[in-house]
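This briefing is meant to be read alongside the sequence and the coordinates.

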Amino acid sequence: MSERVKEQKNSPETAASQKAPKDTAEPAANPVAAAKAEAALPALGVKGTLRWAWTQLTSMRTALFLLLLLAVAAVPGSLFPQRPANPSIVTQRIKNDGDLGKVLDALQLFDVYSSAWFSAIYILLFISLIGCVVPRAIAHYKAMRSQPPRTPKRLSRLPEYGTLVIPADAGIPASRAVDDAAGLLKKRGYRVEVRDDDGAQPSLGAERGFLKEVGNLVFHTSLIGVLVSVAAGGLFGYSGQRILVEGDTFVNTLVGYDQFTPGTNFQSSQLQPYSMRLDKFRATFDLESQGKIGQPIDFKADVTTKESPDAPEQQEVLKVNDPVSLGGTSVYLTGNGYAPLVTIRDGQGNVAFQGPVVGRLQGDNYYSSVVIKVPDAKPDQLGFVGFFLPTEAVTQDGISFSEYPDLLNPTLTLSSFFGDLGLDNGDPQNVFELDVKELKPLNARNLDAGGITLKPGTSQTLPDGKGSITFDGVKRYIGVDIHHNPGQLYALIFALLAVAGLVTSLYVNRRRVWVRTGTHEDGRTMVEYGLLARGEDHRLAGEAQAIRQLLVEEWGLESQDAKASQDSQSVPSGQADNGGAKRADGAEATEAAEATAATKAPAADVNQSTAGSTEHKKDQ
Amino acid sequence: MLPINETMGFYSELFMLLAGCTYTVAFIAFAWDLAKSSKALRAVDLKAAAAAEALEAASSPAAAKIPVTAGSVREASTDRTDSDVSGPVGRAERPSSAVSAAGAGSGLGQTADAGMHYGAERRVPARVAVALTVLGASIHAVGVLTRGFGAGRVPWGNMYEFLTTGAFVAIAVFLVVLIRRDLRFLGTFVVGLVIIMLVAAGTAYMTPVGHLVPALQSYWLIIHVSIAVLSSALFTLTFAMSALQLVQAHRQKTIASGGADKLGFMRLVPSALSLENLSYRINAIAFVGWTFTLMFGAIWAEKAWGRFWGWDTKEVWTFVIWVVYAGYLHARATRGWTGTRAAWLSIVGYLCVVFNFTIVNQFFNGLHSYSGL
Ligand code: HEM
């Protein structure tokens with residue numbers, strides 16, 4: 001973006017203001033500019049300062065600085081636990097760290113990506129982006145509509161330059177030569193303008209590769225699109241979780257969720273009341289690979305869905321990496337486990353609880369914790385805590401563990417309690433935790449009555465006539481995440497656009513070609529051409545070669561070809577960087593000299609264009 | 001799900017070991033090449049300098065020392081034209097290009113072809129080294145393939161496989177680029193790195209063949225990870241070039257200001273500007289690859305976890321890398337940031353890549369922590 005840089009440097013009235021901090025990276029380029037800026041200071045005022053600030057903000061250097069700052073600012077988010085992902089870990093961490101934790105929290109280090117400082121960086125970056133893209137788009141629109149720039153006087157100054165001579169007997173006058181070249185270049189995708197077609201030295205200017213800049217603009221604009229889409233998703237989306245035991249049905253209403261996170265603009269009317277029933281969940285585990293026994297290989301949930309309460313039922317398979325789309329949402333399989341089925345009878349012999357109890361995963365091989373609260377038991381409420389092991393095994397020390405994730409030897413080990421569960425006053429409680437402080441133990445390993453150990457189909461009577469518990473069997477459950485994100489599709493579209501723009505911008509080359517012809521006294525038609533690239537272009541030399549080849553073929557100049565290719569190889573095109581100054585002592589001087597000598601009288605400009613040739617040196 | 005073939009897995013490990021041994025010999029050959037060539041070049045220099053001195057002494061006693069070197073080096077070099085990797089137009093004021101313009105213009109302590117085309121002189125050790133690298137890569141390829149067949153899936157599902165397959169891709173990319181460009185000066189570096197990767201895989205991350213956990217069972221694994229590995233391999237090359245660029249720029253400056261050339265072997269390395277230009281081109285490709293890595297990762301995350309972006313540690317670092325390299329591309333178009341500073345950005349970007357792969361995979365827990373450890 002040399003234009004941008006230049007613009008900045010050349011506008012002293014905006015480049016510096018005494019009040020605002022100077023750009024430290026580059027001190028005022030030259031004393032004259034600084035002096036001018038000083039002289040202009042009284043006129044700067046508020047407007048001037050604002051303009052100065054704007055120029056600074058939209059400069060390439062600021063963009064680069066903000067980009068690097070963004071990279072640095074993103075890092076703490078990987079060093080500290082983040083609230084949106086792990087709220088409980090963050091709470092714990094703040095508690096453990098004491099004052100330090102509070103300081104870290106005040107610095108928003110647990111909410112990096114919604115923090116004021118992170119937001120400030122990316123918002124500034126995107127403002128800078130807009131300030132950068134809009135003027136460039138306007139400038140480029142104008143450039144695309146204007147003609148290729150006028151033919152430079154000295155084509156030999158260009159990074160790629162060459163000459164061709166058409167013999168007099170070929171019958172191709174200067175004007176036709178230019179037209180031929182114009183035709184060829186048009187076919188190559190250049191936009192061409194022929195100048196002075198009837199004059200002594202007709203020439204053409206050609207340009208191609210406007211898509212490069214378009215690609216760059218599309219890329220940057222699409223980044224804004226991605227950001228806006230993501231923000232919109234947060235506003236209008238929602239997400240939630242639900243645990244489904246085999247046989248359970250989820251209905252997409254607020255009460256259907258175990259946990260629900262609405263977006264800022266969420267309305268419950270957005271929920272389409274579809275339903276999904278878990279029919280069966282199948283898990284496959286590795287039985288053979290050494291060192292990996294018990295590693296899961298496949299999870300598969302058979303579900304029956306209905307788009308709306310009276311729509312027909314549909315069978316679908318829900319898998320990890322393979323969500324089910326339903327009613328504008330996607331349903332993901334995010335977890336699974338075991339839910340032992342138990343029947344609990346109270347002291348009066350009535351069934352106080354019957355059904356599945358979701359086990360929470362605690363350790364390897366589905367070692368799960370189980371909590372059962374039985375508020376309906378009479379005369380005393382009952383509570384159970386313990387573990388479920390799909391394949392129980394016992395160590396030498398008598399400690400039970402789960403040996404394999406599948407149901408080879410399912411075992412339920414529990415302790416039981418009675419008393420007031422504290423549920424009646426209406427305070428919400430965690431269903432996965434039982435507070436035993438207020439309860440009296442009935443069964444426990446350290447009591448006379450011992451703990452409860454059950455295999456499927458067995459029962460155990462509780463001491464003191466408090467009732468009994470039966471382990472009826474095991475069902476599996478799945479955890480599903482339900483997401484609705486309206487911004488997602490747009491984010492994808494913009495991301496794809498961005499990539500397309502990026503690739504275009506990086507691999508399309510913007511090039512200009514000029515060709516000038518003239519007729520030598522002896523009737524030969526002299527042709528010279530030059531190429532210029534804008535931005536990085538390592539294939540400019542190849543393009544020059546290709547164009548030369550086309551012209552040679554067009555005019556049947558085989559004899560020159562060998563010389564030509566040799567010639568253009570020996571021309572160091574690397575002088576793109578060094579300017580054209582050294583060009584003339586390159587090997588092409590011989591031919592240039594030939595051309596010059598040949599066209600001396602009638603084609604003064606061609607002559608001039610080979611400045612620094614041997615001919616010229618002699619003159620000096 | 002194809003069954004696991006443990007015999008195949010065993011053979012794979014054997015091939016990896018063999019490949020590692022072959023690379024080690026190749027490494028030695030590359031190092032030998034550097035040492036030998038720099039000695040040979042110095043000898044040529046000395047001879048030419050002596051001749052030139054005699055000549056210069058006769059014609060102009062005031063002749064400076066530098067042009068003498070220039071003359072001599074010009075003879076030693078075969079083709080120093082910048083023809084293929086010229087810098088961007090209108091950036092002649094760039095510091096690095098100023099240095100290299102001086103360097104290329106007068107041939108200051110410079111021998112390697114800036115276009116990185118093969119020269120005419122035969123470098124026997126280098127040829128041996130490349131041949132050995134090709135041999136090593138072939139064995140390595142068999143190792144990767146047998147691993148894939150043994151596991152019945154693509155061989156990039158855990159750290160061991162990322163490393164072994166990644167190392168293979170790095171070598172393959174290097175060899176492919178070698179067809180067109182004489183990057184043999186990078187040989188010690190690339191082969192050395194690949195050996196480190198193989199050793200790390202074989203010791204710290206050894207994992208027998210096995211099935212993938214369900215979270216990884218997706219065609220996105222094939223797409224996302226392969227592009228990530230390929231981009232990382234390209235970043236590896238540019239990292240090496242940027243590091244050399246810094247050294248070379250320093251050396252060019254020292255020589256230009258009349259200092260002694262202490263790093264003779266750097267004669268085999270092209271000018272700082274040529275290195276910068278080629279690494280820019282490779283970085284541009286790798287950046288597009290990394291953009292795809294990021295996007296496909298997001299799409300996969302959406303499929304697997306229900307959200308396309310959640311600032312998981314791995315996602316954070318992938319993003320950081322992307323932004324750093326975006327910064328690099330910007331730097332190349334920002335006055336005062338080309339040359340050395342851009343090279344530093346390229347190096348920082350690569351350090352982030354390495355960090356993302358090693359530390360983040362191992363010590364940070366996040367959703368990606370299933371990398372098979
Ligand atoms: C969200 C932050 C940004 C990102 C991720 C980003 C990324 C990139 C990338 C990857 C390129 C190289 C590919 C191409 O040429 O299309 C690039 C080029 C460019 N960017 Fe940005 N950019 C950002 C913001 C900006 C801003 C704020 C500005 C304006 C001050 C800007 C101006 C430019 C210009 C002028 C180029 C072309 C450079 C050239 O001609 O080589 N970018 N950007």
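In this predicted model, Tyr366(A) counts as buried because its relative accessible area, 10%, is under the 20% cut-off. The phi of Tyr366(A) is near 60 degrees, a positive value in a residue other than glycine, and the residue is placed in the loop between β13 (360–363) and β14 of chain A.

- Trp311(B) belongs to the loop between α8 and α9 of chain B, and with a relative accessible area of 23% Trp311(B) is classed as partly exposed.
- The peptide bond that joins Lys378(A) and Pro379(A) is cis, with omega at about 0 degrees, and Pro379(A) is found in the loop between β14 and β15 of chain A.
- Gly189(A), which comes after helix α9 of chain A, has a positive phi near 95 degrees.

**Strand pairing in chain A**

- Strand β15 (residues 382–389) of chain A is mostly covered, in that six of its eight residues are buried.
- β15(A) pairs in the antiparallel sense with strand β14 (residues 367–374) of chain A over seven bridges, and within this pairing Ile372(A) stands opposite Phe384(A).
- β15(A) also pairs in the antiparallel sense with strand β18 (residues 411–418) of chain A, here over eight bridges, and Gly386(A) stands opposite Leu414(A) in β18(A).

**Helix α9 of chain A**

- Helix α9 (residues 174–187) of chain A has 14 residues and reaches 20 Å from its first C-alpha to its last, which is close to the 20 Å expected at 1.5 Å a residue.
- The buried residues of α9(A) include Ala174(A), Ala177(A), Val178(A), Ala181(A), Leu184(A) and Leu185(A), and Asp180(A) is also one of them.
- What covers the buried residues of α9(A) includes the strands β1 (160–166), β2 (191–195), β3 (203–208), β23 (510–519) and β24 (525–534), together with the helix α12 (540–554), of chain A.

- The secondary structure of chain B consists of ten helices and zero strands, and 59% of the 373 residues of chain B count as buried.
- Among contacts in chain B between residues at least 6 apart in sequence, 83% join residues at least 24 apart.
- Which residues touch the most other members of the largest nonpolar core? In that core of 115 residues they are Tyr23(B), Leu183(B), Leu186(B) and Val320(B), while α8(B) gives the most to this core, with 15 residues.
- Leaving aside neighbours within four places in sequence, the contacts of Tyr23(B) include Thr133(B), His140(B), Ile171(B), Val191(B) and Leu198(B).
- A second, separate core has 47 residues, among them Ala283(A), Phe299(A), Ala301(A) and Val370(A).
- Gly297(B) is found in helix α8 (residues 272–305) of chain B, and, leaving aside its neighbours within four places in sequence, Gly297(B) is in contact with His224(B) and Phe292(B).
- Gly297(B) and Phe308(B) are eleven residues apart along the chain, and their C-alpha atoms are separated by 8.0 Å.

**The iron site**

- The iron atom of the ligand has His220(A) and His330(B) as its protein donors, each through NE2, and these lie 1.9 Å from the iron atom.
- His220(A) lies in helix α10 (residues 210–236) of chain A and His330(B) in helix α9 (residues 313–331) of chain B, so the pair joins two chains.
- Why does the arrangement around the iron atom count as octahedral? The six donor atoms subtend angles of 78 to 178 degrees, and this makes the arrangement octahedral.
- Both histidines, His220(A) and His330(B), are buried.

Technical notes
Residues numbered from 1 in each chain as written. Chains lettered and ligands numbered in written order. Predicted model: local features only at pLDDT ≥ 70, side-chain atom pairs only at ≥ 80, totals over all residues. Heavy atoms only, no water. Donors = N, O, S within 2.8 Å, 3.2 Å for Na, K, Ca; no water. Tetrahedral: all angles 85-135°; square planar, octahedral: opposite > 155°, others 65-115°. Helix = DSSP H or I, 4+ residues; strand = E, 2+ residues; numbered from the N terminus. Buried < 20%, exposed > 50% of the residue type's maximum accessible area, 1.4 Å probe, protein only. Expected span 1.5 Å × (residues − 1). Contact = heavy atoms within 4.5 Å. Core = buried A, V, L, I, M, F, W, Y, C linked by side-chain atoms within 4.5 Å. Pairing = 2+ DSSP bridges.
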